[in-house]
Amino acid sequence: MTEQSRNRSSEADRRRRLAEVFGDVLPDTTSDERSQRGPAQNETERWYRENRPPHHDDHR
């Protein structure tokens with residue numbers, strides 16, 4: 001068994017034990033890493049774009 005496969009197996013065992021004790025374990029990503037594009041955020045984005053001063057336009 002290679003070092004890498006031992007580490008993967010060890011990590012899988014650790015996650016399985018955590019799930020047994022605590023139920024569902026924490027997600028692999030945090031909320032700021034995931035897309036949270038819900039209606040409220042879309043509304044905020046729309047308001048911002050409608051009320052943005054002209055000198056803040058994108059110059060792409």
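**Salt bridges along the helices**

A: Let's begin with Glu-50, an exposed residue with a relative accessible area of 52%. Keep in mind that this is a predicted model. The side chain of Glu-50 meets that of Arg-46 in a salt bridge, with 2.7 Å from N to O. Both residues belong to helix H2, which covers residues 39-51, and they are 4 residues apart, about one turn of the helix. Arg-46 is partly exposed, because its relative accessibility is 37%, a value between the limits of 20% and 50%.

Now move to helix H1, residues 3-22, where Glu-11 and Arg-14 are 3 residues apart and so separated by about one helical turn. These two form a salt bridge whose closest N and O atoms are 2.8 Å apart. Glu-11 also has a salt bridge with Arg-15, at 3.2 Å from N to O. Here the spacing is 4 residues, again about one turn of helix H1. Taken together, Glu-11, Arg-14 and Arg-15 are linked in a network of salt bridges.

How accessible are the members of this network? Glu-11 counts as partly exposed, with 31% relative accessibility.

Technical notes:
Residues numbered from 1 in each chain as written. Predicted model: local features only at pLDDT ≥ 70, side-chain atom pairs only at ≥ 80, totals over all residues. Heavy atoms only, no water. Salt bridge = Lys/Arg side-chain N within 4 Å of Asp/Glu carboxyl O. Helix = DSSP H or I, 4+ residues; strand = E, 2+ residues; numbered from the N terminus. Buried < 20%, exposed > 50% of the residue type's maximum accessible area, 1.4 Å probe, protein only.
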